[in-house]
Amino acid sequence: MGWDRAQDLAWEYDYCAAPSACVQETDEVLQLLAGETGMNISTVQWCLGVMKWDEANVRRGGWIKGLLVGAMSWPCSPMYE
């Protein structure tokens, strides 16, 4: 769910030249975040996806999105510390 966000992070922090051409670097970013937070890689990837959903603008139903993102981000508390 958060693979594209991890690619964006790898590109933003100059780990690779283009987001679409950095598979290994994206794995390294996920491993780095997992090591820093003490979470496993799949949970880090989940949390990056939830953060991307949280950034999305919706025309209607923002309160539903807020509830869903709040529930989905429950396992992500180590990333927010």
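**Notebook: salt bridges and core**

I began with charged pairs and found that the side chains of Lys52 and Asp4 meet in a salt bridge, 2.7 Å from N to O. Lys52 belongs to helix α3 and Asp4 to helix α1, so this pair ties together parts 48 residues apart in sequence. I keep in mind that this is a predicted model.

Next I checked how open the two partners are. Lys52 counts as partly exposed, at 34% relative accessibility. Asp4 is partly exposed too, with a relative accessible area of 31%.

How many salt bridges does a search of the whole structure find? I got two. Arg5 forms a salt bridge with Glu12, and their closest N and O atoms are 3.3 Å apart. Is Arg5 buried or exposed? Arg5 is buried, because its relative accessible area is 19% and the cut-off for buried is under 20%. Glu12 is partly exposed, at 43%.

Then I turned to the nonpolar side chains. The largest nonpolar core has 14 residues. Those with the most contacts inside it are Ala10, Leu30, Met39, Val44, Cys47, Leu48 and Met79. Which elements give two or more residues to this core? I noted α1 (3-12), α2 (23-37) and α3 (41-55). In soluble globular proteins, nonpolar side chains tend to be buried together.

Leaving out residues up to four places away in sequence, Val44 touches Leu30, Leu33, Ala34, Thr37, Met39 and Met79.

How values were computed
Residues are numbered from 1 along each chain as its sequence is written. This is a predicted model: local features need pLDDT of at least 70, side-chain atom pairs count only at pLDDT 80 or more; totals for chains, interfaces and linings use all residues. Side-chain values use heavy atoms; hydrogens and water are left out. A nonpolar core is a set of buried Ala, Val, Leu, Ile, Met, Phe, Trp, Tyr and Cys residues joined through side-chain atoms within 4.5 Å. Buried means under 20% relative accessible area, exposed over 50%, partly exposed in between (1.4 Å probe, protein chains only). Helices (H or I, at least four residues) and strands (E, at least two) are DSSP runs, numbered from the N terminus. Contact means heavy atoms within 4.5 Å. A salt bridge is a side-chain nitrogen of Lys or Arg within 4 Å of a carboxyl oxygen of Asp or Glu.
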